[in-house]
Amino acid sequence: MKFTAVAALAASIASASAYTVTFKNQCSYAVWPAMGKAPNGAVDPSFAYGAKLNPGESITWGVDNYALGIRGWGRTGCDANGANCATGACNGGMVCNDAGITAHALYSEYGYGDAGQWGGQRTYWDLSFVGGNVNIPGRLSSTDGASTTCTSNSCPTDQAYHIDSDHAAMRSSSISDNLTHTFCP
Ligand SMILES: *[C@@H]1O[C@H](CO)[C@@H](O)[C@H](O)[C@H]1NC(C)=O
């Protein structure tokens, strides 16, 4: 009995430890998705992913439920090493070492929050192009059915942060929900 209880606890911790972010390329051109971590702008290079997606391809990466300052974005026109991209460029190659803080792209952003009696533990998420441009049209959607879409710099301010105070663009989901960033939705 005791062993069963311990095993069940371990299983519940493992399944609750991460949500997934899938990047899906519906564009007619290749997109190089990247993810990084920069809570309050401080780059933490221990979390960094990069890949190339041809049209129709997708890739999924895991994010710790309690992580803060996670961001993802797409790059276009990169070279054979995934470097020197035309848009969304970062320091590094296929995998960025600066969390794309100067990529000036449309980002999807993710972070843990606990609103206590007003909803408890949640994953907060949004689209944002503060200081940059919508380099690739994007949609961010949750497995609970919520989504935001921004296909140009003139998209509504409740769909993506244009400036830091556009809080109507913020969404949240249960920490067990997964998210999908679709390029060219
Ligand atoms: C999130 O993704 C994980 C891993 O693929 C899966 O086990 C889980 O059921 C997904 N959760 C939802 C709410 O779809």
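Me: Which residues does serine 108 touch, not counting residues up to four places away in sequence?
Reply: In this predicted model, serine 108 touches Phe23, Ile70, Arg71, Gly72, Asp126, Leu127, Leu140 and His181, with residues up to four places away in sequence left out.

Me: Where does serine 108 lie?
Reply: Serine 108 belongs to strand 6, which covers residues 107-114.

Me: Buried or exposed, that serine 108?
Reply: Serine 108 counts as buried, because its relative accessibility is 0% and the cut-off for buried is under 20%.

Me: With which side chain does the side chain of serine 108 make a polar contact?
Reply: The partner is the side chain of histidine 181, at 2.8 Å. Histidine 181 is also among the residues that serine 108 touches.

Me: And how far apart are serine 108 and serine 176 in space?
Reply: The C-alpha atoms of serine 108 and serine 176 are 18 Å apart, and the two residues are separated by 68 residues in sequence.

Me: Serine 176 brings me to the ligand. Which residues surround the ligand?
Reply: The ligand is surrounded by Thr20, Thr143, Ser176, Asp177 and Asn178. The protein covers 34% of the 360 Å² of accessible area that the ligand has on its own.

Me: How does the shell around the ligand divide by class?
Reply: The shell has 4 polar residues and 1 charged residue, and no nonpolar ones.

Me: What is the distance from an oxygen atom of the ligand to an N or O atom in the side chain of asparagine 178?
Reply: That distance is 2.3 Å.

Me: Changing topic: how many salt bridges does the structure hold?
Reply: The structure holds 1 salt bridge. The side chains of lysine 37 and aspartate 44 form a salt bridge, with an N to O distance of 3.6 Å.

Me: Is lysine 37 buried or exposed?
Reply: Lysine 37 is buried, because its relative accessible area is 18% and the limit for buried is under 20%.

Me: What about aspartate 44, buried or partly exposed?
Reply: Aspartate 44 is partly exposed, with a relative accessible area of 25%.

Me: On to threonine 182. In which strand is threonine 182 found?
Reply: Threonine 182 is in strand 11, residues 179-183. Its relative accessible area is 2%, so threonine 182 is buried.

Me: Which residues does threonine 182 touch, not counting residues up to four places away in sequence?
Reply: With those sequence neighbours set aside, threonine 182 touches Lys24, Gln26, Pro137, Gly138 and Arg139.

Me: And asparagine 25, where is that found?
Reply: Asparagine 25 is part of strand 1, residues 18-25. Asparagine 25 is buried, with a relative accessible area of 1%.

Me: What is asparagine 25 in contact with, leaving aside its neighbours within four places in sequence?
Reply: Asparagine 25 has contacts with Ala30, Val31, Leu53, Asn54, Pro55, Gly56, Glu57 and Phe183, once neighbours within four places in sequence are set aside.

Me: Where is serine 17 found?
Reply: Serine 17 sits in the loop between helix 1 (2-16) and strand 1. At 32% relative accessibility, serine 17 is partly exposed.

Me: Which residues does serine 17 touch, not counting residues up to four places away in sequence?
Reply: Serine 17 touches Val63, Asp64 and Asn65 when residues up to four places away in sequence are not counted. Serine 17 is also 8.1 Å from tyrosine 66, C-alpha to C-alpha, although the two are 49 residues apart in sequence.

Me: Now the loop between strand 5 and strand 6. What is phi for asparagine 84 there?
Reply: Phi of asparagine 84 is positive, about 50 degrees, although asparagine 84 is not a glycine. Asparagine 84 is exposed, with a relative accessible area of 66%.

Me: And phi of alanine 99?
Reply: Phi of alanine 99 is near 55 degrees, again a positive value in a residue other than glycine. Alanine 99 is placed in the loop between strand 5 and strand 6 and counts as buried, at 4% relative accessibility.

Me: Last one: what is glycine 93 in contact with, leaving aside its neighbours within four places in sequence?
Reply: Glycine 93 lies in the loop between strand 5 (70-75) and strand 6. Apart from neighbours within four places in sequence, glycine 93 is in contact with Arg75, Asn81, Gly82 and Ala83.

Notes:
Residues are numbered from 1 along each chain as its sequence is written. This is a predicted model: local features need pLDDT of at least 70, side-chain atom pairs count only at pLDDT 80 or more; totals for chains, interfaces and linings use all residues. Side-chain values use heavy atoms; hydrogens and water are left out. Helices (H or I, at least four residues) and strands (E, at least two) are DSSP runs, numbered from the N terminus. Buried means under 20% relative accessible area, exposed over 50%, partly exposed in between (1.4 Å probe, protein chains only). Contact means heavy atoms within 4.5 Å. A polar contact is a pair of N or O atoms within 3.5 Å; within protein, one must be able to donate a hydrogen and the other to accept it, and residues adjacent in sequence count only if both atoms are side-chain atoms. A salt bridge is a side-chain nitrogen of Lys or Arg within 4 Å of a carboxyl oxygen of Asp or Glu. A residue is near a molecule or strand if one of its heavy atoms lies within 4 Å of it. Accessible areas come from the Shrake-Rupley method with a 1.4 Å probe; for residues, only the protein chains shown count as cover. Ala, Val, Leu, Ile, Met, Phe, Trp, Tyr, Cys and Pro count as nonpolar, Asp, Glu, Lys and Arg as charged, and the others, Gly among them, as polar.
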